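Please work through the following exercises with the sequence and the structure at hand. Each task is followed by a solution in steps.

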Amino acid sequence: MKKNFLLLFCFISSLVFSQYSFDYKFLVKDSNKKKNNKDFFDTEILINTNEPNYFLYHYKDDEIRLFDYRKNMTIYLSDKSKNNEVIYKYLSHGGFVERESRETEFIEIKEIEKETFTIKTFKSEKDKANFELKVMLQKSETDLLYFYKLDLGNMTPKKILKAFREKLISLYGNSNFIITEMKADYKNGFFQNVKLVKYENINRVIR
């Protein structure tokens with residue numbers, strides 16, 4: 001496991017920036033892109049499996065965003081890596097107000113075939129589903145459940161993941177899975193299909 005210590009090229013107040021550690025990297029792609037190239041990916045995602053309230057997205061166009069839901073802040077970075085050393089340069093940051101993007105009072109989770117699930121959220125048990133997700137899983141060495149590129153902020157995915165983990169534990173005795181593909185229906189005309197290309201254990205720190 002490689003250690004990567006990332007240096008920032010400019011001073012940032014500790015009120016704005018703090019240390020961020022990441023232990024897993026996911027390479028993912030929208031399924032409608034470069035289907036003929038199994039190694040193609042359009043987004044690199046870094047997570048900390050012990051701290052779900054921040055994560056980093058590195059897009060193919062070299063746009064890098066670090067989302068910190070502890071501080072309700074997005075940090076914008078650029079990639080200045082060289083000589084196999086990963087280096088990020090701080091550009092700017094901006095705040096946001098976190099809110100639940102889908103009113104989710106009821107979550108329905110069904111296993112439709114082995115290690116394939118549908119997840120539906122409802123404003124109430126009487127309403128129609130306001131979001132639907134189909135996920136395909138495979139076993140992993142630890143719990144690596146993460147909804148790649150899901151356009152729902154952080155509050156709603158955390159609520160769904162909590163219920164999903166409880167379902168998996170009830171069925172399999174643990175939640176040691178990784179999502180290999182997910183298909184989202186936002187119930188507003190927008191659909192999303194994201195596939196996992198590759199993942200790896202890392203030890204990366206931004207400070």
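**Exercise 1.** Determine which residues Asn154 touches, not counting residues up to four places away in sequence.

*Solution.* Step 1: a contact requires heavy atoms within 4.5 Å. Under this criterion, Asn154 touches Pro52, Asn53, Phe55, Tyr69 and Glu98. The model is predicted: local features need pLDDT of at least 70, side-chain atom pairs count only at pLDDT 80 or more, and totals for chains, interfaces and linings use all residues. Residues are numbered from 1 along each chain as its sequence is written, and side-chain values use heavy atoms, with hydrogens and water left out.

Step 1: Pro52 lies 102 residues from Asn154 along the chain, and their C-alpha atoms are separated by 8.8 Å.

Step 2: the side chains of Asn154 and Asn53 are joined by a polar contact of 3.3 Å.

**Exercise 2.** Describe how strand β4 (residues 51-59) pairs with strand β3 (residues 43-48) and with strand β5 (residues 64-68).

*Solution.* Step 1: β3 and β4 pair in the antiparallel sense over six bridges, and a hairpin of two residues joins them. Ile45 has Tyr57 in β4 as its bridge partner.

Step 1: β4 and β5 pair in the antiparallel sense over five bridges, with Leu56 opposite Leu66 in β5.

Step 2: four residues separate β4 from β5 in their hairpin, where Asp62 in the turn has a positive phi of about 75°.

Notes. Polar contact = N/O pair within 3.5 Å; in protein donor to acceptor, adjacent residues only side chain to side chain. Pairing = 2+ DSSP bridges.
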